[in-house]
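Q: I would like to learn how to read a few features from a set of coordinates. Please take them one at a time.

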Amino acid sequence: MPYTPLYLVNKLEKRKEAGLYRSLSRENGLIDFVSNDYLGFATTGKLQAWLDKHDISHIPHFTGSTGSRLLSGNTEYAEALENKIANFHGAEAGLIFNSGYDANIGLFSSIAGKDDTIIYDELIHASIKDGARLSLAKHFSFRHNDAEHLRKKIKAATGNIFVAVESVYSMDGDFAPLEEIVEICEEEGAYLIVDEAHATGIFGKNGEGIVSDQKLQRSVFARIHTFGKALGCHGAIVLGSKELRDYLINFARSFIYTTALPGHSLLAIYGAYELLPEAKKERNNLVNNINYYTQIATEKGIQSFPSQIQTIIIPGNDNVRKAAQNIREKGFDVRPVLSPTVPNGKERLRICLHSFNTEEEIRKLFLLIS
């Protein structure tokens, strides 16, 4: 039998003792207030119905991939899909990565050199922080959504300066003040990168995202749109100039050294983008649910944000874990977010709203919380 080093076992035991042990859970039949399937593309059968109607004979490497895209895994279909997505979001070019994590790791680890600086919002996604750590650049954070603090950080930075924000933040559901941040970056000569993971498919006339909706495409150096949330698929794309695409093909290790997505994944992504302009009912339902949640939250004195991600602060890992377990026992799938994922005292229930949730479900959820 292979021997497991004792220190690995000890680290697991310490994590259990601290109440931070993670384990996988399976589908459970509970009412969904936890998944990222905001428009129901993955679970309501809408995307599957589109896929069932489409011929796959013209798609190479449909069931599997033959290698990385730099070797044998690239196809005309993949490049056409990248062009389609770039056009949809109003970008010049795009490069598909196998996941949002891969996209951020590849972009941030390669884009800045040892004399450069990466500055990110303190609540930015872990993948961006990891990408910055893998780079040779200096990297540090600025206070959440504090544009003037960002300006001070930029003034203290050296080399090429890259600023990273999320358009919709994954833990609080609030929005970045993009117009103000764009103005500061332009004044200070910094390159702005916006992760649109939780805005893709939801905000904008057809779900183009907040950058496009605010007509800031020309002011943003790069955007990351993921397919594993509202689109119900897997993968991500980095959008920007043709030169940025060429640069990532040459220097982004998470693109260079990984097997290409198979044809069936590309077809699903294509289908999701075909469905987005038609998904007005789903977006309207989601907006109505956000408004209904906000109305009840206001009545109860609970903070809310105008997005599909809502949080209820319950300080203490044990306290928030017990609250989540109680709600789950009543048939509603809500998960706790524990420290150190969030700061001590900011432990919370994270509630994801969807187009398929009903007002009755939202009302009953609040009864369980209060």
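Q: Where is Pro340 placed?
A: In this predicted model, Pro340 sits in the loop that runs between strand E11 (335-337) and strand E12 (348-352).

Q: What kind of peptide bond joins Ser339 and Pro340?
A: The torsion to read is omega, which is about 15 degrees here; the bond between Ser339 and Pro340 is cis.

Q: Which value of phi does His61 have?
A: His61 is not a glycine, yet its phi is positive, at about 55 degrees. The residue belongs to the loop between helix H2 (46-52) and helix H3 (69-73). His61 is partly exposed, with 28% relative accessible area.

Q: What is phi near in Lys215, and where is the residue placed?
A: Lys215, again a residue other than glycine, has a positive phi near 55 degrees. Its place is the loop between helix H9 (210-213) and strand E7 (222-226). With a relative accessible area of 69%, Lys215 is exposed; the cut-off for that class is over 50%.

Q: How many salt bridges are there?
A: The criterion is a side-chain nitrogen of Lys or Arg within 4 Å of a carboxyl oxygen of Asp or Glu. The count comes to 17. One of them joins Arg151 and Glu187, at 2.9 Å from N to O. That pair links distant parts of the chain, 36 residues apart: Arg151 is in helix H7 (residues 147-155) and Glu187 is in helix H8 (residues 178-188).

Q: Is Arg151 buried or exposed?
A: Arg151 has a relative accessible area of 18% and is buried, because buried means under 20%.

Q: Which residues are linked with Arg151 and Glu187 in a network of salt bridges?
A: The network also takes in Glu148, Lys155 and Glu188.

Q: In which helix do Arg321 and Asp318 lie?
A: Both are in helix H14 (residues 317-329), 3 residues apart, or about one turn of the helix. Arg321 is partly exposed at 28% relative accessible area, and Asp318 is partly exposed at 49%.

Q: With which residue does Asp333 form a salt bridge?
A: The partner is Arg335, and the closest N and O atoms are 2.8 Å apart. Asp333 counts as buried, at 5% relative accessibility, whereas Arg335 is partly exposed, at 27%.

Q: How many residues does the largest nonpolar core have?
A: In soluble globular proteins, nonpolar side chains tend to be buried together. The largest core here has 105 residues, and those with the most contacts inside it are Leu107, Val163, Val165, Leu192, Phe227 and Val238. Helix H12 (residues 263-275) supplies the largest share of this core, 7 residues.

Q: Which residues does Val163 touch?
A: Leaving out residues up to four places away in sequence, its contacts include Ile119, Phe142, Leu150, Ile154, Cys185 and Leu192.

Q: At what angle do helix H13 and helix H15 pack?
A: Two packed helices are described by the angle between their axes and the distance between the axes. For H13 (residues 280-299) and H15 (residues 359-369), the angle is about 30 degrees and the axes are 10 Å apart. H13 and H15 are therefore roughly parallel to each other, and the crossing is right-handed.

Q: Which residues meet where H13 packs on H15?
A: From H13 come Asn289, Tyr292, Tyr293, Ile296 and Ala297, which meet Glu359, Ile362, Arg363 and Phe366 of H15.

Note on methods. Residues are numbered from 1 along each chain as its sequence is written. This is a predicted model: local features need pLDDT of at least 70, side-chain atom pairs count only at pLDDT 80 or more; totals for chains, interfaces and linings use all residues. Side-chain values use heavy atoms; hydrogens and water are left out. Helices (H or I, at least four residues) and strands (E, at least two) are DSSP runs, numbered from the N terminus. Buried means under 20% relative accessible area, exposed over 50%, partly exposed in between (1.4 Å probe, protein chains only). A nonpolar core is a set of buried Ala, Val, Leu, Ile, Met, Phe, Trp, Tyr and Cys residues joined through side-chain atoms within 4.5 Å. Contact means heavy atoms within 4.5 Å. Axes are lines fitted to C-alpha atoms, for helices over the stretch in contact, and angles run from 0 to 180 degrees between N-to-C directions. Angles under 35 degrees count as roughly parallel, over 145 as roughly antiparallel, 65 to 115 as roughly perpendicular and the rest as oblique. A crossing is left-handed if the near helix is turned anticlockwise from the far one by less than a right angle, and right-handed if clockwise.
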